[in-house]
Amino acid sequence: MELKYKSFKEVFINVIVGIFIGLSVIVPGISGSTMAITMKVYDKGMYAFSHIFKEFKKCFLYALPVLFGIGVGFFVGVLGVQLLLSYFPFITICFFMGLMIGTYPVIFKEVKGEKINAKRGILVVLGFIMPIAFSLASVFMGGGTNTLENLNFGHYVLFFIMGVLISVTQLVPGLSATVLMMIFGYYTALLGGLHLDLLQNIPKLMVYVTMGVGFLIGVFAFSKGIEQILLKARKSFFFLVTGISVGSVISVFVGNECVEIYKGWDFPSLLIEIFLGITVLLSAFAISFILTRYTEKRENEMQAQNEEKFDI
């Protein structure tokens, strides 16, 4: 596959995709892989990460702008989301869920017009149920949000597994790393632990190191497999992703993080929060939907222009 950049515009697009990937690790509702599909660089990115050991120089040079963008997006996300969640937790979550829903046309386009048979129907239902079931189970079995205090070996095994699973969310469109952390009940704790004094707290530092190792292993372990699935069963795969995407949004609102927010509501604040939350969610959806449609329209226009030039 051709990975060489032909213009600065292509480099800039991959930096933007990287920023969204970096944001998606912190910001609920942002999907870096969905943005990669929207900007038509998803397949190349999957190839670069799955072949980086065989074709290191070519793949690394292609991935470098993405990696730079990830760093920028992660840093901005940490600062911004910490501030927003400290003052407007429920409204902030609603805003990011609206952004996530607005990108659904990119996912649904992959299955639009496809025949729905029993197998594909089961994949949609299974994908829809999984995140909701996991989220409800974490509420009833654990209850409340978790902390990064009094950690033992079992916690670090869990963080490693979370890191691996987060890598999958960055490879599969429609999945969200933050939704995953909310389902486990560690989102607030992990976000709040990112401070300058982290280097002085070795047990907490090792949490992020462990997750980072799991993330890297997951990227290299699963990217090749997902690439093969996309080649051999792309449509069936996206039926599963469609179900997971919709179920993930619902799972956030019934998960540990939101349940803890609900506990702090009294009757007047409940009505106000729900009204503002719905308003913000719908506004974010409109913004994301319009931007997604605009990007898709521009891409179709450019493709039509290229076809006309080819015909001439």
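Tutor: There is a kink of about 110° in helix H11, centred on Ala-233, where the bend at a residue is the angle between axes fitted to the seven residues ending there and the seven starting there. The model is a predicted one, in which local features need pLDDT of at least 70, side-chain atom pairs count only at pLDDT 80 or more, and totals for chains, interfaces and linings use all residues. Residues are numbered from 1 along each chain as its sequence is written, and side-chain values use heavy atoms, with hydrogens and water left out. Helices are DSSP runs of H or I with at least four residues, numbered from the N terminus, and H11 covers 202-253. Its end C-alpha atoms span only 33 Å, whereas a straight helix of 52 residues would span 76 Å at 1.5 Å a residue, the expected span being 1.5 Å times one less than the number of residues.

H11 and H7 each supply at least two residues of a nonpolar surface patch, which is made by Phe-108, Val-125, Phe-128, Ile-129, Val-246 and Ile-250 and has an area of about 440 Å². Accessible areas come from the Shrake-Rupley method with a 1.4 Å probe. H7 gives the most to the patch, with three residues. Val-125 lies in H7 and, at 46% relative accessibility, counts as partly exposed, a class between buried (under 20%) and exposed (over 50%).

Definitions and conventions. Patch = residues over 30% accessible without salt bridge, like charges linked within 9 Å, V, L, I, M, F, W, Y side chains within 5 Å. Salt bridge = Lys/Arg side-chain N within 4 Å of Asp/Glu carboxyl O. Buried < 20%, exposed > 50% of the residue type's maximum accessible area, 1.4 Å probe, protein only.
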